[in-house]
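Subject: Structure for your review

Dear colleague,

Please find the structure below, together with its sequence. I would be grateful if you would look through it first and then read the findings that follow.

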Amino acid sequence: MAKQLMRGSHVIGEAATRAGCRFYAGYPITPQNEIPEYMSERFADLEDATFIQAESELAAINMVMGASMTGVRAMTSSSSPGISLKLEGISYIAGMELPAVIVNIMRGGPGLGNIAPSQQDYFQATRGGGHGGYRTIVLAPHSGQELVTLTMKAFDLADSYRTPVILLGDGLMGQMMEPVSFPDPIDPSKLPKKDWVLNGTKGRDTRLIASLHLDPVEMEQFNWKLARKYAAISEREAQHESYLLDGARFAVVAFGTAARIAKGAVNRAREAGLEVGLFRPVTLWPFPEKELRALTRTVKHILVFEMNLGQMLEDVKISVGEQASVHFHGRPGGVISTPHEVENVIKKLMYKYELDK
Amino acid sequence: MAKQIFKRPEALKDAIFHYCPGCGHSIIHRLTAEVIDELGIRERTVGVPPAGCAVLAYNYFDVDMGEAPHGRALAVATGIKRARPDLIVFTYQGDGDIAAIGTAETIHAANRGERLTAIFVNNGVYGMTGGQMAPTTLIGQTTTTTQRGRAPLRDGYPLDLSQMLGVAAGSVYVARTSVTSPKSILKTKKAIKKAFQVQMNDLGFALVEILSQCPTNWKLSSVDSCKRIEEEVVKSYPLGVIKDTTGKGH
């Protein structure tokens, strides 16, 4: 298919539709309003698809919960304050082991904050966010084309593991227009059949989808089951990109929009003759811990760059332990760093550790 | 062989209710199950229980059941019904669930005219958590959080949710009944049946509010609890059909 120039939010909507998503419920919040707008119009021509503008973020996530109980691929989207509201539902969805895709186009915070791009919800997204110790798979796209692949992948992962998946972008990812191409759409009726859905008891025993486990032993067994599932996800699904890391003596670690900026900074530093590359986690949970640790065999100095004041930084430190010195540069949301700014931080550190020689 | 004149409805599992003696839930469960049987919809019905005393309703109804977070039953039910319009979807909710923490979900489901049937059990207290004030608690009524009686300017007034839902353009059938006597029980069954038929005929939103007795938290005997509803509660929540536009070309 030919490339077309599209806004990130529209790319997410189109990719979701092509992944077989046939249920969307959402509530307006900037900077992601173009997602519900796109879904409302895109679904209008699909007989088997439902779009609902919900009365609240709570209602939207709970509608997605109900739709998912019937087996349909379902999605909602929001931005930071709206995601906080959805966390109740996300916890239940995790506890009910339902698939669902939740898009968070992050903005500045805390509170109402502002509508500028930010990565301040890293902790919220990667630590479950809501109550009860659950996890969500978190995917962090850094380009229009990756919005296509990761949005579609989110639905496959959600179905495979029966778990909520967060697509974590920010205002820049949502608003930026880039050329993208799409794979052929998936026919939802051809997707693997789900043997757990609520569709009436005809010819079988009744089914129950619930997160309640009053019996203490049953509760514990269920949490062990979730733990095994999360261990399997951690083992299999960590994904990252290595950018110009061959022969690098210094590495930047960044995700999403920050990684996009970091690529510019790395390119400029390379032009200046510095041996620097970028390690970009594509999945934030599971975090590509082993892969990052492996990098420390050759790279002993790392700069973590985020659009927050150091959240992924903790995962990087956990991953590398004492094997590398870890530095940080970040801005807390509201203002976007330039590649030049990050390049200067890289240079200062590389000069300090005499990695330019 | 003797003719069988009374049996457990197919839509009820062979399980012993956990509800307190004299509680209205057991009666309302049975009536709902009888209606599901009579309408022949058991194999395509999905129920959504609340948080509260009826959270374990899925142990009793022999239909597919999907849990909802406290108050969100009608949003979850909306998702189920919109994704699978061929299913018959009902919610079973208490007053705290439907008229306090879930007020927004309730009003908007009604306003969208969702093809859903809501069974709203109003006993005027939070039963499961130990008898705190509910949105429906009467003025002056003592509860564990209004130990000197509900004072409106401190605690708010009793909320008549069904009247509010009657105003919503998308609601088709809204009725208030009770289960204090054989006669009122039969009326309740009729109302529940109609509320399911509204959905089966794709007309819009239907809700039956049932004034129900909670002897445990009211600290009254079963008989006195029924008497309290008939003599006192109905003054704030009059019985009858609040809205019925089924005959008006919906």
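I begin with one residue of chain A. Leaving aside residues up to four places away in sequence, A:Val252 touches A:Ala262, A:Val266, A:Val276, A:Leu278, A:Leu303, A:Phe305 and A:Ile346. Two residues are in contact if their C-beta atoms, placed from the backbone, lie within 7 Å.

Please note that this is a predicted model, in which local features need pLDDT of at least 70, side-chain atom pairs count only at pLDDT 80 or more, and totals for chains, interfaces and linings use all residues. Residues are numbered from 1 along each chain as its sequence is written, while chains are lettered from A and ligands numbered from 1 in the order in which they are written.

A:Val252 is also among the residues with the most contacts inside the largest nonpolar core, as are A:Val64, A:Val101, A:Ala251 and A:Ala262. This core has 184 residues. A nonpolar core is a set of buried Ala, Val, Leu, Ile, Met, Phe, Trp, Tyr and Cys residues joined through C-beta atoms within 7 Å; buried means that 20 or more other C-beta atoms lie within 10 Å of a residue's own. Helix H3 (residues 57-69) of chain A gives the most to this core, nine residues. Helices (H or I, at least four residues) and strands (E, at least two) are DSSP runs, numbered from the N terminus.

Chain A is divided into domain 1 (4-200 + 225-236) and domain 2 (241-352), with bounds that come from an automatic or database domain assignment. The centres of the two domains, taken over C-alpha atoms, are separated by 27 Å. Between them, 28 residues of domain 1 are in contact with 21 residues of domain 2. On the domain 1 side, the largest share, four residues, comes from H5(A).

Turning to the two chains, 29 residues of chain B are in contact with 32 residues of chain A. H2(B) gives the most to the chain B side, with eight residues. Strand E9 (residues 208-209) of chain A and E2(B) pair in the parallel sense over two bridges, where pairing requires that DSSP finds at least two bridges between the strands. A:Leu208 stands opposite B:Met65 in E2(B).

Yours sincerely

How values were computed
Buried ≥ 20, exposed ≤ 12 C-beta atoms within 10 Å, placed from the backbone.
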